[in-house]
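Please look over the sequence and the 3D structure shown here.

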Amino acid sequence: MAGRYGRPRSVLRMRTVAGQVFLLQVAIVVLLVAAAMAALVFQSRAGSEREARNRSVAVAETFANSPGMEEALRSPDPTAVLQPRAEAARMGSGVDFIVVLDIEGIRYTHPLQDRIGKKFVGDLSHARGGEVFTERITGTIGPLVQAIVPITSSNGTVIGMVSAGITIERVSGVVEEQFPLLFGAAGGVLLLTTGGTALVSRRLRRQTHGLGPAEMTRMYEHHDAVLHAVREGVIIVSGDGRLLLANDEARRLLGLPADVDGAPVTELGLDPRTGHLLSSGRNVTDEVFPVGERLLAVNQRSTDQHGGPPGSVATLRDTTELQALTGRADVARGRLKLLYDAGTEIGTTLDVVRTCEELTEFAASRFADYATVDLVETVLRGEEPTATGADTDMRRTAFSGAGETALYPLGQVIRFVPTTPVGIGLGRGEAVLQPDLTGPSDWQEQDPQRARMLLDEGIHSMIAVPMRARGVILGMAMFWRAGNPEPFEEEDLSLAEELVARAAVSVDNARRYSREHTMAVTLQRSLLPRVLPEQSALDVAYRYRPALAGLGGLGGVGGDWFDIIPLPGARVALVVGDVVGHGLHAAATMGRLRTAVHNFSSLDLPPDELMFHLDELVARIDQDETDDGSDAGVTGVTCIYAIYDAVSGTCSMARAGHLQPVVVQPDGTADFADVPGGPPLGLGGLPFETLELRLPEGSRLVLYTDGLVEDREREIDEGLELLRRTLADHAGLGPEETCETVLGALVPERPRDDIALLVGRTRVLGSGRVAEWDVPSDPSAVARVRAAVTDRLAEWGLEEEAFTTELILSELVTNAIRYAAGPIRVRLIRDRALICEVSDHSSTSPHLRQAAITDEGGRGLFLVAQFAERWGTRYTADGKVIWTEQPLPGAAGTR
């Protein structure tokens with residue numbers, strides 16, 4: 001066989017590349033098919049045993065859990081009942097045996113009758129423990145897998161076992177029947193892949209032109225030596241825009257790494273213009289492109305003009321004669337980078353003043369020697385600017401520059417003179433360039449004396465640019481040069497306008513944010529308590545800390561709230577809640593819930609009932625807000641409500657998804673109260689429960705929201721433990737000092753959530769301030785009660801209240817004797833007001849009505865309402881209490 005260039009070559013030694021590839025591919029295919037068949041055989045064996053295990057377990061479990069199994073085992077003759085069932089199940093399921101055993105392993109059933117009653121062979125320990133167990137053994141019928149399943153009684157104890165087994169041969173026979181089909185398929189795959197390999201080899205033979213390996217190697221070496229020896233960059237790009245080849249010079253000129261062959265040209269890190277040219281394949285001749293610090297002359301032609309493959313070849317030549325043009329390109333690149341950096345460094349916060357400071361700091365360090373920003377007063381207040389122009393007052397908001405200067409200081413109110421260049425430009429909304437301030441110019445009319453001082457300091461060039469956003473002028477930015485001898489140019493003016501335009505958008509966004517934030521804060525402050533109500537049950541202190549602006553919603557405006565609500569009978573209610581989320585919606589929802597708690601507490605409901613009504617209210621609010629098509633429903637509300645009674649010293653609490661309160665005993669022991677947990681408000685469906693505690697005088701009750709204990713840098717359990725430990729370590733502090741200590745120990749410098757903290761120190765009214773009497777259901781007892789009350793009021797120095805109190809108690813006790821049931825009890829409490837309480841075991845509440853002239857009754861309760869400052873009814877677990885409050889003269893009711 002003659003080879004290329006007339007040299008003979010043997011079939012074995014001079015075989016073409018295509019032939020070698022064909023033989024190699026055929027060998028690989030044969031090996032792969034053989035390996036696949038071997039894997040299928042091994043897999044079928046493993047699958048047979050797995051199938052045997054699965055089938056034996058399924059049959060044993062099904063039979064063990066079949067109805068009547070427990071009754072059959074407890075019958076006098078289990079074999080008579082179970083043997084027929086076991087044989088029927090064995091034949092139906094296809095297993096080799098199903099054996100029922102007692103707890104000791106004695107067979108009740110077996111396919112061979114002579115083995116019934118004998119000991120079962122196998123591991124029964126797992127089944128006795130209530131576990132399913134499978135094992136592979138070799139029995140009389142060959143290798144098999146048997147499963148042992150416990151039979152449990154209705155109370156869960158193991159009363160027997162079921163074993164089902166099947167031989168491996170029975171299962172594997174099904175798989176082995178498919179081997180002829182598998183081997184036939186493998187032969188077909190082998191034929192198909194061999195044919196495909198032949199087609200691939202034929203195509204490869206055409207592409208390599210029948211060359212042998214040595215010939216191709218020699219041609220490549222010649223090509224590579226010439227390509228990398230030339231001092232001109234050569235780049236070959238495929239038709240789909242991928243880099244096929246780049247010689248050493250091209251890699252040096254373009255700064256390409258060594259492993260970029262085959263990568264898309266657009267991903268080589270080239271500038272967009274150069275990358276677009278190389279990927280487009282466009283024909284160019286000596287076109288100059290800036291690449292890094294070089295200017296390259298590029299020539300590019302298509303490779304398919306004479307029947308070659310699709311793509312393009314480009315040559316690159318470094319041109320040193322275009323350095324001037326390169327310098328201009330560097331300047332343009334520097335300006336673009338300056339604008340890019342400005343976009344990342346200006347407007348990083350939603351704060352008007354800080355945005356102006358970022359603009360001046362950036363400009364003074366990168367563009368000018370001094371930079372100032374003056375804003376309209378209304379913009380600083382977050383309002384829309386109502387007037388703009390040279391006759392508008394502006395305040396110097398930001399200043400940056402090295403050293404002292406005669407420029408207006410920060411805070412100075414400035415009104416630009418309309419006849420100066422700056423005033424004219426401000427009126428037109430146009431930027432002003434003053435390249436030379438030393439010559440005659442109208443700019444000095446603004447402040448002649450200060451202008452002379454600026455010139456003496458070396459300031460020689462200035463640019464003034466109005467800050468415009470949405471067609472409104474927000475202020476004026478000015479740039480000055482002193483140390484830099486180069487004056488500002490027209491290109492600098494366009495750059496300054498671009499800088500100020502970007503900053504103006506950020507300032508306007510910050511202004512609008514400040515306005516919304518102010519509105520939200522005003523709303524929130526108006527909804528939270530401003531002063532502590534007068535009450536004698538608790539010494540109370542509170543703290544509210546919003547999240548830091550910019551970290552939570554509208555500058556930290558959220559839905560945390562708290563309240564202190566005086567209740568009749570020397571009692572007080574404490575409530576702390578949290579509406580999930582931030583912003584106006586959370587604050588408004590918080591206000592609605594706080595008002596609802598006030599209204600429900602006026603009904604004197606116990607904590608669990610109040611939580612129930614509040615839960616229904618939140619569900620209705622959520623339904624109303626989602627029915628109108630909006631997505632501003634209540635996403636979650638937690639709350640805790642506590643009532644403290646200063647007479648009995650008891651505190652009842654209920655909570656809805658809220659964190660547990662902390663109770664600090666007088667001896668310094670601090671623990672979380674185990675208040676039963678209810679779901680967050682609005683979910684519905686689950687009841688709320690009340691926890692009642694007796695708190696000694698001087699105990700502290702601490703309620704809080706999750707913002708106090710949750711933080712990004714610690715888990716909530718760590719925060720709760722830190723709170724408990726802090727309270728225990730500072731048990732002797734008063735409520736105010738406790739609040740400060742807790743906040744100092746737990747609140748980070750930049751809190752991301754609202755914090756509400758309420759600390760109450762308990763008081764207990766002494767026995768000398770409370771009087772109680774049991775009243776029999778006898779009208780004559782009313783006089784004795786009046787006399788006892790009069791004596792007690794005399795002891796308290798309240799003789800002036802005796803007549804009114806006798807009248808009130810006479811009416812209430814008489815009504816209780818006449819209409820109520822059960823024991824009647826009268827209690828008199830001297831607090832900030834004189835409190836009279838009459839309790840009975842009736843759940844019927846009296847109501848006020850206007851009696852007609854002919855009526856014999858109906859005037860008593862009307863008189864009580866006239867003489868008492870307040871009156872009402874509250875229900876107890878065994879009846880009701882009717883109470884009245886009478887004002888006391890001076891400070892008679894205080895401690």
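The largest cavity has a volume of about 210 Å³. This is a predicted model, in which local features need pLDDT of at least 70 and side-chain atom pairs count only at pLDDT 80 or more, while totals for chains, interfaces and linings use all residues. Residues are numbered from 1 along each chain as its sequence is written, and side-chain values use heavy atoms, with hydrogens and water left out.

Rolling a probe the size of a water molecule over the atoms shows where empty space is left. On a 1 Å grid over the protein atoms alone, a cavity is a set of points where a 1.4 Å probe fits but cannot get out; a pocket is an open set with protein on both sides within 12 Å along at least five of seven lines; lining residues have an atom within 4 Å of a point. Grid points are joined across faces, edges and corners, and a volume is the space filled by probe spheres set on the points.

By this rule there is one cavity of 30 Å³ or more. The largest cavity is lined by 16 residues, of which Tyr408, Trp443, Gln446, Met478 and Trp480 are the closest to its centre. At least two lining residues come from each of helix 13 (421-428), helix 14 (448-456) and strand 15 (472-481); helices (H or I, at least four residues) and strands (E, at least two) are DSSP runs, numbered from the N terminus. Helix 14 gives the most, three residues. The lining of this cavity has eleven nonpolar, two polar and three charged residues, where Ala, Val, Leu, Ile, Met, Phe, Trp, Tyr, Cys and Pro count as nonpolar, Asp, Glu, Lys and Arg as charged, and the others, Gly among them, as polar.

The largest pocket has a volume of about 990 Å³. Its lining has 33 residues, and Arg874, Tyr875, Thr876, Ala877 and Val881 are the closest to its centre. Among the elements that give two or more residues to this lining are helix 17 (607-627), strand 30 (870-876) and strand 31 (879-887). The pocket lining divides into 13 nonpolar, seven polar and 13 charged residues.

**Single residues**

Aspartate 539 lies in strand 16 (residues 538-545). The side chain of aspartate 539 makes a polar contact with the side chain of arginine 763 at 2.3 Å; such a contact is a pair of N or O atoms within 3.5 Å, and within protein one must be able to donate a hydrogen and the other to accept it, with residues adjacent in sequence counting only if both atoms are side-chain atoms. Leaving out residues up to four places away in sequence, aspartate 539 touches Pro735, Val759, Gly760, Arg761 and Arg763, contact meaning heavy atoms within 4.5 Å.

Alanine 570, in the loop between strand 17 (558-567) and strand 18 (571-582), has a positive phi near 55 degrees. Alanine 570 is buried, at 7% relative accessible area; buried means under 20%, exposed over 50%, and partly exposed in between (1.4 Å probe, protein chains only). Aspartate 604 also has a positive phi, about 60 degrees, although it is not a glycine. It lies in the loop between helix 16 (584-602) and helix 17, and is buried at 8%.

**The whole chain**

The chain has 22 helices and 31 strands. Of its 895 residues, 45% are buried.
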